[in-house]
Amino acid sequence: MTLAEAEDAIRAGRVKVSGRLVRQPFAVVQPGEDLRVDGHKVLLRRETRVLAFHKPAGVVTAPEDGHGKGDTAFTLLSAQLPPELSGFGWHAVGRLDRNTTGLLLFTNDERFVAHATSPSTHLPRRYVAQVQGGATEEKLQPLREGMQLDDGPARPAKAELLDGTHVSVTLTEGRFHQVKRMLGAVGLPVRRLHRASVGGLELDVPEGAFRELGRDELRTLLGFPPA
Ligand code: URA
């Protein structure tokens, strides 16, 4: 059945979800619900949906801002979702600090969260940091060799000097404040932090905006589903 045929069937009152007549084309059907068209049971395939969101500075990666009624990455995203995406329960894939900008993924599928955030997936995440104090190749060397952090050893990172105040750091794990802690430990406190890419996916939407990723992108750029 095509999408247009499905919409026609819904509008014609031929579709029931767990015994309820459904009239909204984008009504969300939860896993385990009984879906019938003309009384015939339909088996649903669960589709993994992933959104690439460009997080602005000043909002937390949580459904609610602990300080009150302020916006969060979730509220900014939800406010612009079209009807066909608004009924899902969205999960952030990892976290960015309040003042970190850049690529933040959201998904409806907890398996994708587990895949993308597991250190065993080795999915690279590239950050660009503006640092205080002169950045030099020598100062970055400990990051490349794998440094000791207070919660255990960090994996060797890719660290590139962009200029005296900007460095690019690529990690394959995501621990609390990891980039800030690693750069802080070599005398380069971070003033601004931006996530430019996750896996092979480069951030390509304007600040505050999002786009949905295609199935091919999930496979080739983010390795999902895992082989
Ligand atoms: N590392 C940090 O220090 N902060 C972030 O937001 C992400 C990675």
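Which residue forms a salt bridge with Asp97? It's Lys180, and the views below show the setting of that pair.

This is a predicted model, so local features need pLDDT of at least 70 and side-chain atom pairs count only at pLDDT 80 or more, while totals for chains, interfaces and linings use all residues. Residues are numbered from 1 along each chain as its sequence is written, and side-chain values use heavy atoms, with hydrogens and water left out.

**View 1. Domain 2 meets domain 3.** Domain 2 covers 50-119 + 204-220 and domain 3 covers 125-198, with bounds from an automatic or database domain assignment. Their centres, taken over C-alpha atoms, sit 23 Å apart. Domain 2 brings 14 residues to the contact and domain 3 brings 11 (contact means heavy atoms within 4.5 Å).

**View 2. The Lys180–Asp97 salt bridge.** The closest N and O atoms of Lys180 and Asp97 are 2.7 Å apart. The rule finds one salt bridge across the interface of domain 2 and domain 3 (a side-chain nitrogen of Lys or Arg within 4 Å of a carboxyl oxygen of Asp or Glu).
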